[in-house]
Amino acid sequence: MAARLALLFITIPIAELALLVWLGSLLGFWPTMALVVVTGVAGAMLARAAGVKVVQQIRAEIAAGRMPVDHMIDGLLVLIGGVLLLTPGILSDLTGIALLIPGTRSLITRFVQGRMQKLVASRRIQMVGFDGRRVDGHPFGGRPPESRPSEGRPFEGRHIDV
């Protein structure tokens, strides 16, 4: 795993640099620098807008009493996309834009969920609830919390009239 990461951290910057040099020789230095700056600024604005939308969706899911698993993964992907757009380079910009587009983001979300379900099913990772007990079943799409038996545990809370 460490060798893969080292290879990744070596090959990607070399590819980015080679692409920038090639693009610089094709377009010129200043147009290439302008392209890098414009994609960084546009990416920051796009990431902010997408991030605000994802946060609103997460709040709506929580208010409805549902676990916002899909939206949490979306939020992580938007964050990664924003960081990639702020990183100078053409490949990172293209990847960041792909992560900010809802259609490609949903494809990546389904892929991540599938991988997580395989890891849970193979028992390579374990899901643990808030009470420390192991959770069986799928991490995504199990029974909703309101249909689970309370097992006689008291529920504590407070009520505020507004």
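Predicted model: local features only at pLDDT ≥ 70, side-chain atom pairs only at ≥ 80, totals over all residues.
Local features need pLDDT of at least 70, side-chain atom pairs count only at pLDDT 80 or more, and totals for chains, interfaces and linings use all residues. Residues are numbered from 1 along each chain as its sequence is written, and side-chain values use heavy atoms, leaving out hydrogens and water.

**Exercise 1.** Check whether the span of helix H2 (residues 29-63) agrees with its number of residues.

*Solution.* Helices are DSSP runs (H or I, at least four residues), numbered from the N terminus. The expected span is 1.5 Å times one less than the number of residues. For the 35 residues of H2 that gives 51 Å, and the end C-alpha atoms are 51 Å apart, so the two agree.

**Exercise 2.** Find the salt bridge that involves Glu61, and say how buried its partners are.

*Solution.* A salt bridge is a side-chain nitrogen of Lys or Arg within 4 Å of a carboxyl oxygen of Asp or Glu. Glu61 pairs with Arg66 at 3.1 Å, N to O. Next, apply the burial classes: buried is under 20% relative accessible area, exposed over 50%, partly exposed in between (1.4 Å probe, protein chains only). Glu61, at 18%, counts as buried, while Arg66, at 46%, is partly exposed.

**Exercise 3.** Locate the salt bridge between Asp74 and Arg105 in the chain.

*Solution.* The side chains of Asp74 and Arg105 meet at 3.6 Å, N to O. Asp74 lies in helix H3 and Arg105 in helix H5, 31 residues apart, so this pair links distant parts of the chain. Both residues are buried.

Key:
Helix = DSSP H or I, 4+ residues; strand = E, 2+ residues; numbered from the N terminus.
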